[in-house]
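Me: I have a structure open and would like to learn how to read it, one feature at a time. Could you walk me through it?

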Amino acid sequence: MPRRLTIAATFLFAITAHAAQSQENPTMEIDKLGATCYSSREKKEFIFTTLVLFNDKRLGGYAKHNNGTVFRLKYLYPEYVDMTGAGNDSQSHTYAEMMNNKMTGYYTYTWYRGDTPALEYRPKKKSQSYSLRLDLEASNSGIPGVACDWSKSNLLSEEENN
């Protein structure tokens, strides 16, 4: 009987170690089905972010900057604003961007009733924040396995028109 318990404990330890290691894998790809594309142009710099939040927002999610490294998002806290009669209640969820168990920045996902969700990003090492908006054109990626086709971004088409 003790041998069976040892084998079971070893098996559970191996599964737990694998799950913990896979959360920090920088080469991981983002699931195309659950991804949302956000973009911004701040001081002549384009910022493209692919965001995946789990159905239960308290479980976190993943973010990917400019088709680069995938970062794990750890849920921190919610904020709810109930403006009775105003018709624009909002809810925000703040996440810590994590790489190798170190925080590299913050995301605040805000949903206003009757409007599209907004995303704010604050890198830990800079005092600047980035306001990102939903990029519907980039979301219409026709490339298999690619969640956001940034060559179709709303920002790029606006840039061509200017």
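Me: What pLDDT does the protein chain average?

Reply: Happy to start there. This is a predicted model, and its protein chain averages a pLDDT of 77, with 72% of the residues scoring at least 70. Over residues 3–30, though, the pLDDT is below 50, and that stretch has 20 contacts in the model beyond near neighbours in sequence.

Me: Which elements have the lowest and the highest mean pLDDT?

Reply: The general idea is simple: where pLDDT is low, the predicted coordinates should not be read in detail. Here the lowest mean, 42, belongs to helix α1 (residues 2–23), while strand β7 (residues 118–123) has the highest, 93.

Me: Let's go inside. How many residues has the largest nonpolar core?

Reply: As background, nonpolar side chains tend to be buried together in soluble globular proteins. In this model the largest such core has 14 residues, and those with the most contacts inside it are Leu51, Leu73, Tyr95, Tyr107, Tyr109 and Leu119. Two or more residues each come from β2 (45–53), β4 (70–81), β6 (102–112), β7 and β8 (130–134). Strand β2 gives the largest share, three residues. Apart from this core lies another, of nine residues, including Phe48, Ala138, Trp150 and Leu155.

Me: Which residues does Leu51 touch, leaving out those up to four places away in sequence?

Reply: Leu51 touches Gly34, Ala35, Thr36, Tyr38, Tyr62, Ala63, Leu73, Tyr109 and Leu119. Among these partners, Leu73, Tyr109 and Leu119 are also on the list of residues with the most contacts inside the core.

Me: Now the charged pairs. How many salt bridges does the structure hold?

Reply: There are two salt bridges. In one, Arg58 pairs with Asp56, with the closest N and O atoms 3.2 Å apart. In the other, Arg122 pairs with Glu120, and the closest N and O atoms are 3.1 Å apart.

Me: Is Arg58 buried or exposed?

Reply: For this, look at relative accessible area: over 50% counts as exposed and under 20% as buried. Arg58 has 59%, so it is exposed.

Conventions. Residues are numbered from 1 along each chain as its sequence is written. This is a predicted model: local features need pLDDT of at least 70, side-chain atom pairs count only at pLDDT 80 or more; totals for chains, interfaces and linings use all residues. Side-chain values use heavy atoms; hydrogens and water are left out. pLDDT is the predictor's confidence in each residue, from 0 to 100. Helices (H or I, at least four residues) and strands (E, at least two) are DSSP runs, numbered from the N terminus. Contact means heavy atoms within 4.5 Å. A nonpolar core is a set of buried Ala, Val, Leu, Ile, Met, Phe, Trp, Tyr and Cys residues joined through side-chain atoms within 4.5 Å. Buried means under 20% relative accessible area, exposed over 50%, partly exposed in between (1.4 Å probe, protein chains only). A salt bridge is a side-chain nitrogen of Lys or Arg within 4 Å of a carboxyl oxygen of Asp or Glu.
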